[in-house]
Amino acid sequence: MNRFEELGVRPKVARSMEKLGWTEPTPIQEMGIPIGISGKDLFGQAPTGTGKTGAFASVVLSRIPAGSDIPSCLILVPTRELAAQVTKVVIALSENTKHRVLAVYGGTRYDRQIRFLEDGCDIVVGTPSRIIDLVDRQALHLEAARELVVDEADRMMDMGFSDDLLKIVGYLPSKRHSMMFSATVSEETDDLVERIMNDPSRVSLESQDEEEPLTRQYFVETPRKEKIEFLRTIISNGNPKTMVFCSTKAMVDSLYETLSQDELKVGAIHGEMPQIRREKTLRGFRNDRMQILISTDVAARGIDVDNVECVINYDAPLNPEDYVHRVGRVGRAGREGTAVTFVTPKETFRIRKYEEYTGVGIEKVPHKKVKSLHVSNQELKELHGETKPAEGGTRPSTGPVKGIEFGTVSIDMGKKNGIDRNDIVKFVVKHAGISDDRIGHIGMSSDRSFIDIDETCIREAMGRMQKRKLKGHPVKVETAPSKKKDKDKKKRYRGGSIVAFSTCRIIYPTRDILRCR
Ligand code: AMP
């Protein structure tokens, strides 16, 4: 029995997982697969790069028969690229089970998809608009789809797919099994969970991470017209494999022309490009025929390239969620990476927003140091040693104070009570009577918060905080499940073939940032 079979995966599927070189489950797989296989609804808070596709694909393939006339499973994703990528994984894992899998998304031909559906199909992976379109044409029948997966639910909401999604769920049987994954949790995702799921088990990777961030994050303050020179400097220094993000299609095109004239190996993708061209460019980037890929946010969703070394936000993203998704292109599968954001002097306030959202310090790189911004790890460390903390008091996160064992307590207040991590730190310091360096990571959901506190003083701290008021509300403090087991688990992954899955690069200890503000 291999490790996946032990979690309940069908042997035929487990063998395919092994064939992909997966010998140990990732944390989201270890936690999510048994829940999914048992038939309980599952909500997983997990960003890309954690192995969530393998988690839901193996569950679905273990639960539904092959050879049906109409689909037994629908997997909804926000973008074409993600649809293609998820389909690839599902097909690879169904090699022995012979499930028939179809990807449906815009920019591809209808006739082939309709023929495939007529011949019988078990699993459909697709974007909301094309799915509605095919249902309207009576080519796709979803009344037997008793397995539903919603991937990247937060992104789906951001892209305005809420109504489409609910419409599609209305086509499905009401007695079904649903799994939903999202990198972030918000009121909107909570609302969606409420509407389409049945008392799901929640699995969150957010509060487990106590590792050093794998991605170093920097920003360069520069007038718009000087950005190009800084970009040239960074990409010519060590030739990192780089993704460059722009906010508009026009900017992608213009940058592509400029860099092509520099005779760099560069490709560009944006939403208005024909799908075939986008896929060809992506293949070129994945196979290292191109060093640089310029992209808009939408086009970059779901791109599965593990060895990107550097992300450059040529245009600073408007919202922190996009920042997280862009920066998530590096630091995948245990590799280190660098993210550099260009901001014009008027945009520097955005950096603070990203920091607040991610809980990670973003270090300012002075102009004369940009040439040292080389993504080879060694040189980066040197740069770290040289640079001073950014103006405004930010500095890179250094992780929890070494040597402290943390336990976790939970309180019955979260984001919807109008509190943030700063309020929690102040509350703990004031009422528990401990200094802020005894406080580790703070995870927050809409109605609860999880606080890591030095284990040696946690009991006393809990007693002192019990029923103390925070924003007028008497706080109920409880012990949260210990993370020690998870830490041990991680060590095991590190030593095995997975090598340090960065289970969550989004939320890191906030203490370092809070302390210096
Ligand atoms: P995902 O989060 O689904 O995009 O997966 C991220 C990457 O992890 C992909 O390249 C997968 O092929 C890889 N992966 C998924 N599960 C495992 C596993 N158990 N062991 C090793 N690699 C994995």
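**Entry 1: overview**

I counted 21 helices and 20 strands in the protein chain; helices (H or I, at least four residues) and strands (E, at least two) are DSSP runs, numbered from the N terminus. This is a predicted model, in which local features need pLDDT of at least 70, side-chain atom pairs count only at pLDDT 80 or more, and totals for chains, interfaces and linings use all residues. Residues are numbered from 1 along each chain as its sequence is written, and side-chain values use heavy atoms, with hydrogens and water left out.

I looked up burial next: 58% of the 517 residues of the protein chain count as buried. Buried means under 20% relative accessible area, exposed over 50%, and partly exposed in between (1.4 Å probe, protein chains only). The accessible surface of the protein chain comes to about 21600 Å², and carbon and sulfur atoms hold 50% of it; the areas come from the Shrake-Rupley method with a 1.4 Å probe, and for residues only the protein chains shown count as cover.

I then took the contacts (heavy atoms within 4.5 Å). Among those in the protein chain between residues at least 6 apart in sequence, 77% join residues at least 24 apart.

**Entry 2: Gln29**

Is Gln29 buried or exposed? I found Gln29 buried, at a relative accessible area of 2%. Gln29 lies in helix α3, residues 27–38. The Gln29 side chain reaches the backbone oxygen of Gly51 at 2.9 Å. Leaving out residues up to four places away in sequence, I list among the residues that Gln29 touches Phe4, Leu7, Trp22, Gly51 and Ala55.

**Entry 3: nonpolar cores**

I searched for nonpolar cores, meaning sets of buried Ala, Val, Leu, Ile, Met, Phe, Trp, Tyr and Cys residues joined through side-chain atoms within 4.5 Å. The largest has 37 residues, and Ile33, Ile75, Val86, Val90, Ile123, Val125 and Met179 touch the most other members. Elements that give two or more residues to this core include α3, α4 (52–63), α5 (80–93), β2 (73–76) and β6 (177–182).

A second, separate core has 33 residues, including Cys121, Ile131, Leu140 and Leu192.

**Entry 4: aromatic rings**

I paired rings of Phe, Tyr and Trp (its six-membered ring) if their centres lie within 6.5 Å, with planes under 30 degrees apart counted as stacked, over 60 as edge-to-face and the rest as tilted. The count comes to three aromatic pairs. Phe56 and Phe181 have ring centres 5.5 Å apart and planes at 45°, so I noted this pair as tilted. Phe56 is in helix α4 and Phe181 in strand β6, 125 residues apart. Both Phe56 and Phe181 are buried.

Tyr323 and Tyr354 form a stacked pair, with 4.3 Å centre to centre and 10° between the planes. Tyr323 lies in helix α15 (residues 320–327) and Tyr354 in helix α16 (residues 349–358), so the pair ties together parts that are 31 residues apart in sequence. I read 1% relative accessibility for Tyr323, which counts as buried, and 1% for Tyr354, which also counts as buried.

**Entry 5: charges over rings**

My rule for a charge over a ring was NZ of Lys or CZ of Arg within 6 Å of the ring centre and within 35 degrees of the ring normal. Arg130 lies over the face of Tyr110, 3.8 Å from the ring centre. The charged end of Lys241 sits over the Phe285 ring, 4.8 Å from its centre.

**Entry 6: Glu356**

I located Glu356 in helix α16. Glu356 is partly exposed, with a relative accessible area of 48%.

Key:
A polar contact is a pair of N or O atoms within 3.5 Å; within protein, one must be able to donate a hydrogen and the other to accept it, and residues adjacent in sequence count only if both atoms are side-chain atoms.
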